[in-house]
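This report covers pockets and cavities. Rolling a probe the size of a water molecule over the atoms shows where empty space is left.

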Amino acid sequence: MKKVTTSTLLEMKKLGEKITALTAYDASFAKMFDEQFVDLMLIGDSLGMVLKGDDDTTGVSVDHIAYHTACVRKGTIRAFVIADMPFMSYATTEQAFENAAKLMASGASMVKVEGGSWLAPTIEALVARGIPVCGHLGLTPQSVHVFGGFKVQGRENAEAQKILDAALELEKSGIQLLVLECVPSSVATLISETLTIPVIGIGAGPGTDGQILVMHDMFGISANYMPKFSKNYLEEHNDMRSAVSAYIEEVKNGSFPGPEHSFK
Ligand code: KIV
């Protein structure tokens, strides 16, 4: 089976083939997702909420992500594996070197960082040393306390322009992938069309180059809360494999996310 690489993802964008992604935290689910041909798996710091039961992602450590990355790597043959850099693990470039190296050694093929232009020098330095980087803009959950809650970003023109400018700056710094979270569909579509690199959306409408969901949301098993932008695929399908396969099919054919899962 041919492994998914950054070149595969770029080619998919060029061909207009949607990229499918899910979070994964262990070998069993990783194996199931891989067998269903999920293109990309993220060991997200969402694990703080869906595994640890925290209210936000700020209590996640590099050791947590490293442990779960090693588990996911063992269950994965084909998919591209990305590890989240947790809160305060890349506040300085030196910290970023040390922690990104640890996550790559645990089995990641790329690391993801949240934030705008302040990250440009760190991204340049990581890429120069051989560490591929994914950016994350829009609602960046590690900044939830600055935002005053989990809120849609980029609804005002000036705010949307700021996100577009940051996306362009991060692309120039060397990111090879961008996650856009909870932004109006029109803003996400514009950013996806403007950037050369693939843009993966979550709560960003159907116009991005791919979609990612937190696996617990996609199965409808997240404790207490189901985000508007997610869909419970297990509700309509009898077993987990069919649910994953339906998610992949709906992303590939453009029927997910629909307007009911998107923001204006
Ligand atoms: O932590 C996570 O799971 C994420 C996704 C929501 C993109 O960053």
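## The cavity

The lining of the largest cavity has 7 nonpolar, no polar and no charged residues. Here Ala, Val, Leu, Ile, Met, Phe, Trp, Tyr, Cys and Pro count as nonpolar, Asp, Glu, Lys and Arg as charged, and the others, Gly among them, as polar. The lining consists of L40, L42, I82, L177, V179, I200 and I212. At least two residues each come from β2 (40-43) and β6. The space amounts to about 40 Å³.

## Basis

This is a predicted model: local features need pLDDT of at least 70, side-chain atom pairs count only at pLDDT 80 or more, and totals for chains, interfaces and linings use all residues. Numbering runs from 1 along each chain as its sequence is written, and side-chain values use heavy atoms, without hydrogens and water.

On a 1 Å grid over the protein atoms alone, a cavity is a set of points where a 1.4 Å probe fits but cannot get out; a pocket is an open set with protein on both sides within 12 Å along at least five of seven lines; lining residues have an atom within 4 Å of a point. Points join across faces, edges and corners, and a volume is the space filled by probe spheres set on them. Helices (H or I, at least four residues) and strands (E, at least two) are DSSP runs, numbered from the N terminus.

## The largest pocket

This pocket holds about 830 Å³ of space. Its lining has 38 residues, with M49, F150, D217, Y225 and P227 closest to the centre. They divide into 19 nonpolar, 9 polar and 10 charged.
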